[in-house]
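Open the model in your viewer and keep a selection panel at hand.

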Amino acid sequence: MECIIRPAQSADCDHLMGMIREIAEYHKLLDEVKINSQVLRVDGFGGDPFYQCLVAELAREQENKQGHLMGYALFFFGYSVNTGRIVYLENLYVVSEFRGRGIGKKLMTEVAKVALARGCAELKFTVAEWNGRALAWYRQLGAQDKTEAGGWHCVELGGEALHRLAGDGR
Amino acid sequence: MSCFRIRPAEPQDCPEILRLIKYSVKTATIDETSNSNLFIRQELAAYENMPNAVKLTEKDLLEDGFGEHPFYHCLIAEVPKEGQTGSSCIVGYAMYYFTYDPWIGKLLYLEDFYVMEPYRGLGIGSEILKRLSQIAIKTNCSCMHFLVVIWNKPSIEYYVRRGALDLSTEEGWHLFRFDKENLLRMASGE
């Protein structure tokens, strides 16, 4: 089965949203998904994209399943005061029936190429500590756990706290 | 009487931003390694050679923050220079950028936030956080994310007091990193 990795297009957003919802459903957190494919389209393919996306697609030769997406990598550019330009990998997902065929690795390869081409010196991401399979996969690729090694914790100021800090009386 | 001004950074602020970044990273390095056997306090003087040393230059900051597609945004805190009307000096800053969560959309990510020690306790930090929150709300961000070293208790308390949630402790999220060497290896398809 031939797989090609290509940049996502506006037309992929319905399918992308489907895969995003698949992940949420698997975690039984579907009600935490607040956006839809229209928002995804505007935010990714409007004048000022807030994210980048690569998709893994079945190659054209497989005519009966042409255009079938098997996975995606959603990421964006950020900045580190230590090293400057970085990539933050938000999601890397391969549909379960297509796993074990090196698609995830192909997606990572392409993300790494994009990162380097843009002058980025680092790629960051978070993994849940209970996700043993993902932890093992990233570790064997050479990723360092900064939470374990350096005590770095991810912290969030949510909607309510933001409004309070903004001083808008809520 | 303390008076200060918070404003968006401008290209000519880059040398001062770099100065503050270096102070800030030095402090963060102490926090990160203070729990490690490897840290030797005398090496503060040789901090430039530490693994966490700042590799950024003024040119990087200029290109990356004030080009066509900025990688970051900055708020600056300045106070009037003593005895020099119309002149001011930069005493704090916050560096942020926008990130994306496929479940909730846009987020504001706070990369760094530093106020020089002599100027703390004047409300500069609170005012910067207020402005950041306003920016987040105006740009339709669901929340603000950032990283804190868990051993930096004053920092943790500062944020928790303001309603922050430690996602690593509460939900088990670990931050991972691929450095440049890894990226090169992955890009070659190894």
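Start with chain B, where the domain assignment (automatic or from a database) gives domain 1 (5-146) and domain 2 (149-189). This is a predicted model: local features need pLDDT of at least 70, side-chain atom pairs count only at pLDDT 80 or more, and totals for chains, interfaces and linings use all residues. Residues are numbered from 1 along each chain as its sequence is written, chains are lettered from A and ligands numbered from 1 in the order written, and side-chain values use heavy atoms, without hydrogens and water.

Colour the two domains of chain B separately. Nine residues of domain 1 are in contact (heavy atoms within 4.5 Å) with eight residues of domain 2. Between these domains the rule finds zero salt bridges, a salt bridge being a side-chain nitrogen of Lys or Arg within 4 Å of a carboxyl oxygen of Asp or Glu.

Select A:Glu122 and B:Arg177: their side chains form a salt bridge at 3.2 Å, N to O.

Last, select strand 7 (residues 152-157) of chain A and strand 6 (residues 164-166) of chain B, which pair in the antiparallel sense over three bridges. Strands are DSSP runs (E, at least two residues), numbered from the N terminus, and two of them pair if DSSP finds at least two bridges between them. Within this pairing, look for A:Glu156, which stands opposite B:Leu165.

Methods:
Helix = DSSP H or I, 4+ residues; strand = E, 2+ residues; numbered from the N terminus.
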